[in-house]
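Biologist: Can you take me through this one? I'd like the overall picture, then some detail.

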Amino acid sequence: LVWGSQARRALFGRYGVTGLVNVDLTPEFAARLSAAFGATLPKGSTVAINRDPHRAPRMIKRAMVSGLPSAGISVQDLGSVPIPVARYYTAVSGAAGGVHVRLSPYDQRVVDIRFFDNDGKNLGKARERSIENIFFREDFRRVAFDEIGEIEEIGGVPGRRYIEGFMEMLDADAIRSAQFNLAVDYASAPTSLILPPILNQLGCTIVALNERIDQTKMSIPNASFQHALDQLASITTAVKADLGVRLDVGGERLWFVDGQGQKIPGTLTAAAFMELALRAQPDSSGPRTIAIMVNQPHVFEEIAERHHAR
């Protein structure tokens, strides 16, 4: 290695393939990476790909779009949608896999590339190793000109399908009858395009914060995040909302504030969801087991015992 900055021993880490923009993750690197991913899929397959609104993921995503067709893989470009929408669309559209490119929420100089399988879940270790082997051996599959994959822009279809699927899974009448009053912080991200129609159909009264998409806020310092939570707590109390909710920019994490403006710790949130999950599954359904991290408090065992689970 003569002029490169460093040699990678592995591509995948905790957050997928990550690296500094235009240092570790360049357009050339991204095109080769997507070609390696495409080589693990059958020719003629389709991959759904999307990004967050920032210009750096836009650049990397377009490079990846160019690499996939060279391996005989067609591309469905979803544009900029939240990660759960991308996962759902990948699963229901018949795609062989998916890719999401985002600015790291922890460092605005870093881009994360997440790969999904045909169910919209993160790739398993075996699939990741297969991509790494092809990438490092440069054993890319190059198809003939008449087998090159197509590139299709999907537009608003994934969002509509996600909203329809979301509503089918809910007891909407029960939620409407509660007439919830909520304060929701959309974190200036594409979640503001998906969640408001769902909450409107559920009859919720919403006080919306940071609803306008802003690419400069895809990664913010921890101090700014804590300030946003404090602001949400104050507004939740001021408007007498039942609950305050902050979503992360990818749409996969939530932070809650109760009606008194108290920030709810993650452990308490997890315990509440465990209680709800066990209520939703009656004892007659058979043995029930909940998996939790080993460092969690005893309250989880108490909840399990109350519902005859473990």
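Modeller: Buried means under 20% relative accessible area, exposed over 50%, and partly exposed in between, with a 1.4 Å probe and protein chains only. This is a predicted model, where local features need pLDDT of at least 70, side-chain atom pairs count only at pLDDT 80 or more, and totals for chains, interfaces and linings use all residues. Residues are numbered from 1 along each chain as its sequence is written, and side-chain values use heavy atoms, leaving out hydrogens and water.

Biologist: What share of the 310 residues counts as buried?

Modeller: In the protein chain, 45% do.

Biologist: How many helices and strands are there?

Modeller: The protein chain has 10 helices and 12 strands. These are DSSP runs numbered from the N terminus: H or I of at least four residues for helices, E of at least two for strands.

Biologist: Take α3. Which of its residues are buried?

Modeller: Helix α3 spans residues 83-92, and seven of its 10 residues are buried. They are Ile83, Pro84, Val85, Ala86, Arg87, Tyr89 and Thr90.

Biologist: And what do they pack against?

Modeller: Strands β3 (46-51), β4 (74-80), β5 (97-103) and β6 (110-116), plus helices α5 (157-168) and α7 (191-201).

Biologist: What follows α3?

Modeller: Gly94, with a positive phi near 85°.

Conventions. Contact means heavy atoms within 4.5 Å.
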